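Let us read a protein model together, one feature at a time. Keep the sequence and the 3D view open.

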Amino acid sequence: MSKDRVHILGICGTFMGGLALLGKEEGLEISGCDANIYPPMSDHLRDLGIEIIEGYDAPKLPDADYYVIGNSISRGNPALEYLLSKKANIISGPEWLYNSVLKNKNVIAVSGTHGKTTTTAMIAWIFEDQGLDVGYLIAGKPKDFEKSARKGEEDIFVIEADEYDTAFFDKRSKFIHYKPDTLIINNIEFDHGDIFPDITYIHREFHHLVRSLKEEAQIIFPTDDLNISKVLNMGCWSKLISYGINIQHDNSIELNNDAKKTTYRINKQEGQIDWEMFGEHNARNAMAAALAVYQYGIPLKDALASLEKFRGVARRQDFLLNTERLILIEDFAHHPTAIKSTLEGLRNNYPDRRIMVAIELRSNTMKSGFHDEKLMDASSEADLIFWKSEDFEQANGLVEKNPSCSSHISDVDAFVENFDSISTEGDILIVMSNGNFDDLSKKLIRKIQYD
């Protein structure tokens, strides 16, 4: 693709901002606009000399060869309506990414309902730690890299492969565009209730992805996920690489209540990790990452040695405060399974501490009430549960299901102000949301430091 001027609509999102970083590396002239211009992405883009225009006013749009349209942009957006009337060259983010970067790379795509961001960051870090300058696009803020995306000198590119739709004019899942050489399917559960009526529609999207892979492609997946089995049984023409949990298998994880004693096996290789990540889900993420890099010549022992140094991703089991008074953790949680696994891992690591969890019902599926019953089981390891929802009736309904240890956060500032009366020394509070929870963590840290 020639060195064109590219303008990105929705540039401050993690995915679209990553595209801007990659385009800049390609030597393209990049600019963008967004209604919500917020750090760290906005600061990062501006530091690289990328112009960001606030809002979607049509007169402010620069002349560009291509306009990359984020999937948050819908009909009625004034900038989009202007571009459609002008018959401008519009293209979706995933399609532009494939044409500009992925087409000439060996692509490792990480898909699934949970663990995409962390597993993508793990794979990129293993390669980096082993001296390979691979490309990556991580929809989060990886602590081991300065940027969330780079093209890389090697012919390998690692990408988080989302099942959400591509753009207003392309309702296929984003991952259909990436044409991976190695596909990881971490897990499949119902999510994104705003676009998928039920899980069979998600099965179909994954099937479309699988059936589009070349014969030499590799699909890495766990044996115990029935939804993945349903997808693969719909038809598969590529190489299958599976791993088992606590079973005899060439590739396996032997889990232990002590996460640091988890044993990993690939073929005849075996090893353990001594690290700070906890929960069965992170053991699975690590296994998928180790299997992926193994296909590119990195032995298990080297992958595990690199993972011991892995610092994680911001807001994924992110320890913001670790004192005798309080351990404060943030986690990007948008599904009961992720909540349950994190809390179980936390309980195993801190059996003698009181665990409090604050859960914001923010994703479209969580707000719909679809997961309400499962949320009770998912949060059962916590001693105190605080629910936050825009829908007071929903939050109150969850409190009523378990009134002895549940309450409703209707005002974050009031919750922070009264925190001393709620908590005692030695408590753990984990804040779980796929949003910012009205800056609960920051406000709580300020209060504790001020006091």
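Q: Where does Asp439 lie?

A: Asp439 lies in the loop between strand E23 (427–432) and helix H16 (440–450). Helices (H or I, at least four residues) and strands (E, at least two) are DSSP runs, numbered from the N terminus. The model is predicted, so local features need pLDDT of at least 70 and side-chain atom pairs count only at pLDDT 80 or more, while totals for chains, interfaces and linings use all residues. Residues are numbered from 1 along each chain as its sequence is written, and side-chain values use heavy atoms, with hydrogens and water left out.

Q: What is the phi of Asp439?

A: Start with the general idea. Most residues other than glycine have a negative phi. Asp439 has a positive phi of about 60°, although it is not a glycine. Asn246 also has a positive value, near 55°, and is a residue other than glycine. Asn246 lies in the loop between strand E14 (239–245) and strand E15 (251–254).

Q: Which class of accessibility do Asp439 and Asn246 fall into?

A: Learn the classes before you look. Buried means under 20% relative accessible area, exposed means over 50%, and partly exposed is in between (1.4 Å probe, protein chains only). Asp439 is at 31%, so it counts as partly exposed. Asn246 is at 49%, so it counts as partly exposed.

Q: How many aromatic pairs are there?

A: A pair of aromatic rings is described by the distance of the centres and the angle of the planes. Rings of Phe, Tyr and Trp (its six-membered ring) pair if their centres lie within 6.5 Å; planes under 30 degrees apart count as stacked, over 60 as edge-to-face and the rest as tilted. By this rule there are eight aromatic pairs. One of them joins Phe168 and Phe169: the centres are 5.0 Å apart, the planes are at 85°, and the pair is edge-to-face. Phe169 is partly exposed, with a relative accessible area of 37%.

Q: What kind of pair do Phe278 and Phe319 form?

A: Phe278 and Phe319 form an edge-to-face pair, with 6.3 Å between centres and 90° between planes. Phe278 lies in the loop between strand E17 (269–272) and helix H8 (280–294), and Phe319 lies in strand E18 (residues 318–322), so the pair ties together parts that are 41 residues apart in sequence. Phe278 is buried, at 0% relative accessible area. Phe319, at 29%, counts as partly exposed.

Q: Which residue lies over the face of Phe15?

A: Here is the rule. A charge sits over a ring if NZ of Lys or CZ of Arg is within 6 Å of the ring centre and within 35 degrees of the ring normal. Lys174 lies over the face of Phe15, at 4.6 Å from the ring centre. Lys179 has its charged end over the ring of Tyr98, 4.6 Å from the centre of that ring.

Q: At what angle do helix H5 and helix H9 cross?

A: Two packed helices are described by the angle between their axes and the distance between the axes. Axes are lines fitted to C-alpha atoms, for helices over the stretch in contact, and angles run from 0 to 180 degrees between N-to-C directions. Helix H5 (residues 116–129) and helix H9 (residues 300–307) have axes that come within 9 Å and cross at roughly 105°. That makes H5 roughly perpendicular to H9. The cut-offs are these: under 35 degrees is roughly parallel, over 145 roughly antiparallel, 65 to 115 roughly perpendicular, and the rest oblique.

Q: Which residues make the contact of H5 with H9?

A: Contact means heavy atoms within 4.5 Å. H5 gives Met122, Trp125, Ile126 and Asp129, while H9 gives Ala303, Ser306 and Leu307.

Q: Is Tyr136 buried or exposed?

A: Tyr136 is buried, with a relative accessible area of 2%. Tyr136 is found in strand E7 (residues 135–137). Trp125, Tyr136 and Phe145 form one aromatic cluster. Tyr136 and Phe157 are 21 residues apart in sequence, and 5.2 Å apart in space, C-alpha to C-alpha. Not counting residues up to four places away in sequence, Tyr136 touches several residues, among them Leu22, Ala124 and Phe157.
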